[in-house]
Amino acid sequence: MTIPNSYRSGPDERGHFGVYGGRFVAETLMPLILDVEKAYREARADPAFEGEMRQQLKQYVGRPNPLYYAERLTQHLGGAKIYFKREELNHTGAHKINNCIGQILLARRMGKTRIIAETGAGQHGVATATVCALYDMPCVIYMGETDIARQAPNVFRMKLLGAEVRAVTSGAKTLKDAMNEALRDWVTNVADTFYIIGTAAGPHPYPTIVRDFQSIIGDEVRSQMQELEGRLPDSLIACVGGGSNAIGLFHPFLDEPTVKMVGVEAAGRGIDKGPLDHAASINGGRPGVLHGNRTYLLQDEDGQILEGHSISAGLDYPGVGPEHSWLHDSGRVEYSAATDAEALEAFQLCARTEGIIPALESAHGLAEVIKRAPTLPKDHLMVLCLSGRGDKDIFSVAQHLGVSL
Amino acid sequence: MSADLSADPISDGRIARRFASLKAEGRAGLITFITAGDPDAATGQALLDGLPAAGADLIELGMPFTDPMADGPAIQASSLRALAGGMSVRRTLELVRGFRTKDADTPIILMGYYNPIDSYGVDRFLADAKAAGVDGLIVVDLPPEEDDELCIPALKAGVSFVRLTTPTTDDQRLPAVLTNNSGFIYYVSIAGITGTASAANTAVDAAVARLKRHTALPVAVGFGIKTPAQAAEVARVADAAVVGSAIVTRLADGLDAGGKVRPGTVEDVLGFVRELAGGVRGARG
């Protein structure tokens with residue numbers, strides 16, 4: 001067995017992280033995918049690109065956001081010292097904007113004049129609509145009809161920001177179908193359109209682009225922890241749907257052997273309940289090819305894609321970013337899962353002990369914190385990526401708690 | 001350009017023989033697409049078996065997939081109907097086997113997406129497909145960059161791998177797309193999904209002429225051909241015209257509210273294929 005001398009050198013030139021990743025797209029898109037790759041490489045080498053991005057992340061997004069010591073939660077759990085990386089304080093309320101700023105600058109650099117995106121919970125859709133308003137570009141957001149119903153506030157936000165929200169009625173009408181529809185749009189409007197993919201998945205180079213733009217999360221944690229505690233954190237925890245906030249937090253630490261990392265998938269009603277009761281691609285799926293990359297997928301024995309279930313619309317994607325699949329197989333990152341009930345409980349605990357209403361997605365990560373922190377010593381430094389705020393979720397949480405608003 | 005770019009790695013199969021006989025007849029071929037087992041296996045078998053007599057020269061048989069990213073609403077819906085009817089990779093191959101007991105000559109090209117094949121296992125799939133009487137594969141989400149996955153193993157197993165070329169395939173990229181392509185070249189005449197817009201005839205003429213400068217393989221043109229007249233237009237310049245969504249839509253029109261096939265639907269669909277074949281056969285007359 002070959003042990004890589006770095007976990008941070010991937011992907012290879014064909015976009016592979018081990019056996020995962022790749023470019024499984026229709027021929028119509030291939031020339032454009034190659035263009036995106038070239039433009040991205042050039043942009044990263046251009047100090048002007050980097051400069052504009054940093055400026056926007058500071059002035060517009062509000063970075064750096066705090067690495068916050070969650071003292072009451074720490075006392076409540078009675079173990080590890082818990083920090084929250086406050087991505088929910090970013091403009092638009094989640095980590096998604098980090099990537100959108102980077103990608104729209106790339107789109108402009110490529111001379112594209114129209115933006116499309118898919119969204120599940122609506123956070124990526126809102127972030128995309130926001131940067132399109134900022135840069136005055138027409139924007140079409142694809143969103144499953146089912147998700148539109150359960151994320152009404154975000155739908156309205158996108159419309160206020162000037163985006164056109166197109167309801168996707170094919171398939172199961174959720175995130176995967178929104179991504180199919182966005183790909184269909186892209187194939188049709190390949191000349192003028194840039195597709196801002198929201199998670200660290202899709203055809204190469206997207207998983208790399210999204211990871212790089214989200215790595216600011218981990219980079220900031222590293223220097224903030226150094227400032228606060230004078231050392232590296234001991235463990236990092238983040239929720240994983242496609243896995244963009246997790247890879248952003250983890251990547252800068254992958255080569256630090258003392259830093260333990262846990263990605264938390266959505267176990268829905270329970271992974272053992274059945275293939276349609278969860279959205280845990282790594283824990284409850286197997287490798288396959290979808291949406292441009294090889295990765296762990298929820299699929300039946302015939303290779304047909306299954307619809308995941310999660311209380312969180314942002315986690316019920318039937319795949320996961322290819323780098324996570326590789327980090328799982330190589331054993332560098334542990335992937336666990338939290339159920340709907342555990343996430344709901346964590347959601348409420350966070351609100352009461354810290355005065356922070358987290359996104360249901362982030363509450364899955366918090367559920368893992370609740371399980372682990374009490375078993376660890378008080379000098380164990382644990383960081384949770386609080387990837388988004390929960391305002392968008394209050395209606396569906398109320399419904400689950402049997403409260404009518 | 002090297003000579004092997006234009007050579008067909010599988011020169012003795014049904015596909016090559018069929019295009020040779022079309023050339024001898026001095027006409028273009030009609031390639032019909034249906035989704036395997038839409039909406040049920042029995043209907044799928046009846047349709048498949050009836051296609052050659054209705055005038056299909058080659059058959060593209062869609063392997064249903066839950067997430068057909070390059071297909072428009074008609075073929076997406078047909079895929080989901082077939083899956084709801086219990087279709088699978090194994091049953092798709094059974095349909096081909098059934099067809100081969102009645103027809104030894106009409107080429108069958110399976111068209112679909114990679115995941116069901118990957119899940120079935122590439123080597124096992126190729127062996128079973130070859131044994132069932134499959135002649136070629138079109139796998140939408142496998143560009144030349146991923147040739148190691150299925151294309152190279154398919155050619156080794158004696159199964160043609162037919163590539164899609166598109167309006168976005170520029171001269172720089174074309175040689176890579178033509179390498180390892182076998183059977184024929186499938187020119188997708190629009191940048192888009194199946195069953196939507198139709199390309200301007202002049203654009204198709206130019207595209208076919210350009211491809212012919214790069215390859216000796218037959219060129220089939222598809223995406224957006226809906227009527228016998230449009231099929232005839234394409235058949236004037238290409239070696240074959242591909243019709244899919246229009247046939248699938250005709251079938252969908254023959255289903256009742258519960259998705260069951262109404263009496264006479266198979267005959268109606270085959271009648272439409274006969275009209276398309278009439279257009280193609282009369283194109284150069």
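A pocket is an open set of points on a 1 Å grid over the protein atoms alone where a 1.4 Å probe fits, with protein on both sides within 12 Å along at least five of seven lines; lining residues have an atom within 4 Å of a point. The model is predicted, and local features need pLDDT of at least 70, with side-chain atom pairs counted only at pLDDT 80 or more. Residues are numbered from 1 along each chain as its sequence is written, and side-chain values use heavy atoms.

**View 1. The second largest pocket.** The second largest pocket holds about 210 Å³ of space, a volume being the space filled by probe spheres set on the points. Among its 15 lining residues, A:Y142, A:R166, A:E181, A:R184 and B:I193 are the closest to its centre. The largest share of the lining, four residues, comes from α8(A).

**View 2. The aromatic pair of A:F49 and A:F213.** These rings form a tilted pair, 6.5 Å centre to centre with 35 degrees between the planes (ring centres within 6.5 Å; stacked under 30 degrees, edge-to-face over 60, tilted for the rest). A:F49 lies in helix α2 and A:F213 in helix α9 of chain A, so the pair ties together parts that are 164 residues apart in sequence (helices are DSSP runs, H or I, of at least four residues). A:F213 is buried, with a relative accessible area of 3% (buried means under 20%, with a 1.4 Å probe and protein chains only).

**View 3. The aromatic pair of A:W186 and A:Y195.** This pair is edge-to-face, 5.6 Å centre to centre with 75 degrees between the planes. Ring pairs link A:W186, A:F194, A:Y195 and A:Y206 into a cluster.

Key:
Chains are lettered from A and ligands numbered from 1 in the order in which they are written. Helices (H or I, at least four residues) and strands (E, at least two) are DSSP runs, numbered from the N terminus. Rings of Phe, Tyr and Trp (its six-membered ring) pair if their centres lie within 6.5 Å; planes under 30 degrees apart count as stacked, over 60 as edge-to-face and the rest as tilted. Buried means under 20% relative accessible area, exposed over 50%, partly exposed in between (1.4 Å probe, protein chains only).
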